[in-house]
Amino acid sequence: LLYATHLGVKMWNIETCKFIKLLGRLDIHERFIKVAVLEGSSKKNPKAGGNAAFRKEQDPTLFCTGMKRKRFYLITRREPEEIDPSKADKLKIGRDIFNEKPSNEELKAIAAPDNKLPKSCVLYTEYGEIHIKLFPKECPKTVENFTTHAKRKYYDGVKGFMVQTGDPEGDGTGGESIWGECFEDEFHPSLKHDRAFTVSMANCGPNTNGSQFFITTVPCAWLDNKHTVFGRVHKGMDIVQQLENIETDDNEHPLRQ
């Protein structure tokens with residue numbers, strides 16, 4: 001039995017009910033969504049005769065798609081062939097092939113780069129303003145994603161903000177980055193969840209940042225090196241506490257809209 005998890009593709013023996021191995025975790029940090037297996041076929045041996053004309057060699061290959069990725073991944077037991085620069089006329093296919101077309105957002109970013117990232121921002125809520133200090137030097141990509149979304153009014157009208165927000169769907173399952181796919185974590189040794197009112201990215205595993213973020217109300221050391229810290233609230237802490245104490249239903253949705 002093969003199935004995708006946030007750690008990789010797990011393999012179980014359904015007869016013995018024992019875990020066999022975890023695939024795809026050591027090489028890349030992806031959250032696989034769909035999995036398919038090509039078991040391989042028999043290969044013909046021209047030097048053999050009679051019943052030995054065919055020899056069975058199983059070479060299973062695992063095809064996987066990643067969450068919000070435009071590429072697919074192949075996992076096999078074969079060693080990858082590397083490119084030999086000394087043999088330009090006989091180049092071998094290497095391990096990774098990245099041939100997907102760049103998105104419109106990526107093309108715009110290349111055409112008109114903006115290195116001046118904001119160092120602060122203000123969140124406007126019906127309870128008041130929350131002023132946040134940002135850290136563009138320590139985590140530039142995260143700050144760029146957050147502030148670009150804000151400039152494009154991506155977060156405007158998002159309801160259900162109770163310490164965590166950034167999902168236009170309002171149920172914690174939606175939202176995407178400005179590049180249209182997940183982007184990598186940006187951990188910095190000086191930025192920890194060691195105090196209340198820390199602004200950090202929400203995710204569903206390593207390198208799965210999109211648009212959602214949250215504000216802590218207590219120290220949360222267990223979140224270090226799991227969620228990217230990119231800001232601190234320096235004014236409006238009382239507003240954050242009011243939002244935290246809003247009455248909710250069984251699905252954690254605020255009773256007051």
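A salt bridge is a side-chain nitrogen of Lys or Arg within 4 Å of a carboxyl oxygen of Asp or Glu. With that in hand, welcome to this predicted model, which holds three salt bridges. The structure also has one cavity of 30 Å³ or more, and a nonpolar patch on the surface that includes Trp12 and Phe19. The points below take these features in turn.

**The salt bridge between Glu184 and Lys141**

- Glu184 and Lys141 bring their side chains together in a salt bridge, with 3.4 Å from N to O.
- Glu184 sits in the loop between strand S11 (164-165) and strand S12 (198-201), while Lys141 belongs to helix H2 (residues 140-151), so this pair ties together parts that are 43 residues apart in sequence.
- Glu184 is partly exposed, and its relative accessible area is 36%.
- Lys141 also counts as partly exposed, with 26% relative accessibility.

- The side chain of Asp194 meets that of Arg195 in a salt bridge of 3.0 Å, N to O.
- Asp194 counts as partly exposed at 44% relative accessibility, and Arg195 is partly exposed with a relative accessible area of 41%.
- Asp194 has a salt bridge with Arg232 too, at 3.7 Å from N to O.
- Because Arg232 lies in strand S14 (residues 229-235) and Asp194 in the loop between S11 and S12, the pair ties together parts that are 38 residues apart in sequence.
- Arg232 is buried: its relative accessible area is 10%, which is under the 20% cut-off for that label.
- Through shared partners, the salt bridges join Asp194, Arg195 and Arg232 into one network.

**The largest cavity**

- The largest cavity contains about 50 Å³ of space.
- Its lining is made up of Glu186, Phe187, His188, Leu191, Lys192, His193, Asp224, Asn225, His227, Thr228 and Val229.
- By kind, these lining residues divide into three nonpolar, five polar and three charged.
- Val229, one of the lining residues, is found in strand S14.
- Val229 is buried, with a relative accessible area of 4%.
- Val229 and Ile215 are 14 residues apart along the chain, and 9.7 Å separates their C-alpha atoms.

**The nonpolar surface patch**

- Five residues form a nonpolar patch on the surface: Leu1, Tyr3, Trp12, Ile14 and Phe19.
- Together, the patch residues have about 510 Å² of accessible area.
- Phe19, a member of the patch, lies in strand S3 (residues 18-23).
- With 41% relative accessibility, Phe19 counts as partly exposed; that label covers values between 20% and 50%.

- Gln242 is found in helix H3 (residues 237-244).
- At 36% relative accessibility, Gln242 is another residue that counts as partly exposed.
- Although Gln242 and Tyr127 are 115 residues apart in sequence, their C-alpha atoms are 7.7 Å apart in space.

**Where to look in the structure**

How values were computed. Residues numbered from 1 in each chain as written. Predicted model: local features only at pLDDT ≥ 70, side-chain atom pairs only at ≥ 80, totals over all residues. Heavy atoms only, no water. Patch = residues over 30% accessible without salt bridge, like charges linked within 9 Å, V, L, I, M, F, W, Y side chains within 5 Å. Areas by Shrake-Rupley, 256 points an atom, 1.4 Å probe, with all protein chains shown as cover. Helix = DSSP H or I, 4+ residues; strand = E, 2+ residues; numbered from the N terminus. Buried < 20%, exposed > 50% of the residue type's maximum accessible area, 1.4 Å probe, protein only. 1 Å grid on protein atoms, 1.4 Å probe; cavity = no way out; pocket = protein on both sides within 12 Å on 5 of 7 lines; lining within 4 Å. Points joined across faces, edges and corners; volume = space filled by probe spheres on them. Nonpolar A, V, L, I, M, F, W, Y, C, P; charged D, E, K, R; others polar.
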